[in-house]
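Trainee: Hi! Could you walk me through a model I just opened?
Mentor: Happy to, bring it up.

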Amino acid sequence: MQFISASLGVECDYCHVERAFEKDDKKPKKTARSMIEMMLTINQENFEGHREVTCYSCHRGAAKPISVPVISTEEKMPEIAADKAVDKSSLPKPEALLDKYLAAVGGADALKKITSRVQKGTITAFGNRKMPIDIYSKAPDMRVSTVHRKDMDSVTAYDGKIGWMSVPGRVRPMNAQESEGARMDADLALPAHLSAMFTKLAIKEGETVGGRPTWLVIGYREGRPPVRLFVDQQSGLLLRLIRYTDSPLGLNPLQIDFADYRDSGGVKIPFRWTQSRPGNRFTIQIESTEQNVPIEDSKFAAPAPSTAPAH
């Protein structure tokens, strides 16, 4: 459903009856089923069953696809000539770029010395609203972040085995793909583990991120979507990471932009990052950080679901 929402630029209630998702009362829900069948048929009959055409191919963020070309306010040169071939021999080796990133943050030995980290700052979301946030991390891969909203606390965590999210009275375990992403976020020594994470690496010239040119390292894993890493051409620091969760209809992207790198306990870490999904974005700014603080494992355990009182 997340993929449909992003592809059409709509919310759940566009197709579903509020508080009664099982009902088929709304016409868009019936139309969606027909469109999914059409998409599957197009791919089966034209692309040997490979998922080349998705909802987004036509909708492009609009509930109704636009059938007439849009007249742009800016003149653009027609793309008649093919893209200039890139001399791959002039590109750096992707393995060397990951090594440069590891060195830029302080090296493997420095990362090993970090056993835990406590960070406090603010998160900007929901139309520029700022809220306090606490992030507790413990090696090798446990993490819990708590956003202190006015009405409640919202928690996102990875306990070393599975990810979970909670608001008062409700706990939701993450699925396998979500947990995999949460584990990557929780890895205190991620720069040292990237090379072993992928079975194949590719290199391209990346886009400009935060005004800085980058190299794009694409990491491939068997049976899973790729991970895109945008590495600063000069400093070697990671400026952007894009990963995907797979769905039956298409890939859901998640982009994280890293900035404001500072030294913390002998390791360079970003003090600001922006996490973006289609239709959703928030920025975390760290104000204080402590290393190697004792943290009990129970800090990362999901709370027991609340039991409704008997009537």
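Trainee: What percentage of the residues in the protein chain is buried?
Mentor: Buried residues are 37% of the 311 in the protein chain, where buried means under 20% relative accessible area with a 1.4 Å probe, counting protein chains only. This is a predicted model, so local features need pLDDT of at least 70 and side-chain atom pairs pLDDT 80 or more, while totals for chains, interfaces and linings use all residues. Residues are numbered from 1 along each chain as its sequence is written, and side-chain values use heavy atoms, without hydrogens and water.

Trainee: Switching topic: how much space lies in the second largest pocket?
Mentor: About 430 Å³. A pocket here is an open set of 1 Å grid points over the protein atoms alone where a 1.4 Å probe fits, with protein on both sides within 12 Å along at least five of seven lines; lining residues have an atom within 4 Å of a point.

Trainee: Which helix gives the most to that lining?
Mentor: α2, with nine residues. α1 (2-8), α2 (27-46) and α3 (55-59) each supply at least two.

Methods:
Buried means under 20% relative accessible area, exposed over 50%, partly exposed in between (1.4 Å probe, protein chains only). Grid points are joined across faces, edges and corners, and a volume is the space filled by probe spheres set on the points. Helices (H or I, at least four residues) and strands (E, at least two) are DSSP runs, numbered from the N terminus.
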